[in-house]
Amino acid sequence: SVEDLAAADWDLTPRRRESGGLDALLASIGSALGASGYVAPLSEVAKVWPGRNVRAESLMHEPPPGGESIGYVRISDISQGKVGRVSDWLRPDLALTEQGKALLAGDVLLSKSGKIGKAALVRDGAVGSVPSGGLFVLRANKARLDAGFLLAYLSSSACRNWLAARSRGVSTQHLSRKTLEELPVPLPPLA
């Protein structure tokens, strides 16, 4: 009852979550880089797009026999900044239409629902796969931003807190593309 909640002395006042120190991290990186550093919104240094929602009946739990298979990368396939073994594959009839959305080496994946901010760098095993709808694909402009640096930055607690603070949802959190594109990203000089 309401009386029981009041007696428990819980503070149920809605509050905006803390941004988690991103400003301090950016200031620290900025002072280390000096005049050679620059901060830009993610949208200026990377293309961002959502993964694909594929119906369960269009997926296979084993690669199709005797042909080239296209993996389907889910959030659960990401661990410690890498894409592990994909758990599903596209049916051959769908694979042809989805090839244009295939992942390239150096793409960064970022979860956009549930556990916000789970990130991975696409390497050998996931190249050519298609990302699920629970992921954003970030393709860095290689002339301005190193994908490995972007992964490390997105994996920092300050950046993950910033993203979580701007996510929406009651039972399941969701991160919008617009919010992600506004993320300030430091740009160290490329060697």
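Predicted model: local features only at pLDDT ≥ 70, side-chain atom pairs only at ≥ 80, totals over all residues.
Residues are numbered from 1 along each chain as its sequence is written, and side-chain values use heavy atoms, with hydrogens and water left out.

A nonpolar core is here a set of buried Ala, Val, Leu, Ile, Met, Phe, Trp, Tyr and Cys residues joined through side-chain atoms within 4.5 Å, where buried means under 20% relative accessible area with a 1.4 Å probe, protein chains only. The largest such core has 30 residues, and Leu-42, Leu-138, Leu-154, Leu-180 and Leu-183 have the most contacts inside it. Its largest share, five residues, comes from helix 5, helices being DSSP runs of H or I with at least four residues and strands runs of E with at least two, numbered from the N terminus. A second, separate core of 12 residues includes Val-73, Trp-89, Leu-103 and Ala-126.

In helix 5, the buried residues are Ala-147, Leu-150, Leu-151, Tyr-153 and Leu-154. Seen down the helix axis, they fall within an arc of 165° and so line one face of helix 5, the arc being that of the directions from the axis to the C-beta atoms.

Four strands form an open sheet in the order 3-7-4-10, with mixed pairing; two strands pair if DSSP finds at least two bridges between them. Strand 3 (59-60) and strand 10 (130-131) each have a single partner strand, so one side of each is left without a neighbour in the sheet. Strand 3 pairs with strand 7 (residues 88-90) in the antiparallel sense over two bridges, and Trp-89 in strand 7 is the bridge partner of Met-60.

Terms used
Buried < 20%, exposed > 50% of the residue type's maximum accessible area, 1.4 Å probe, protein only.
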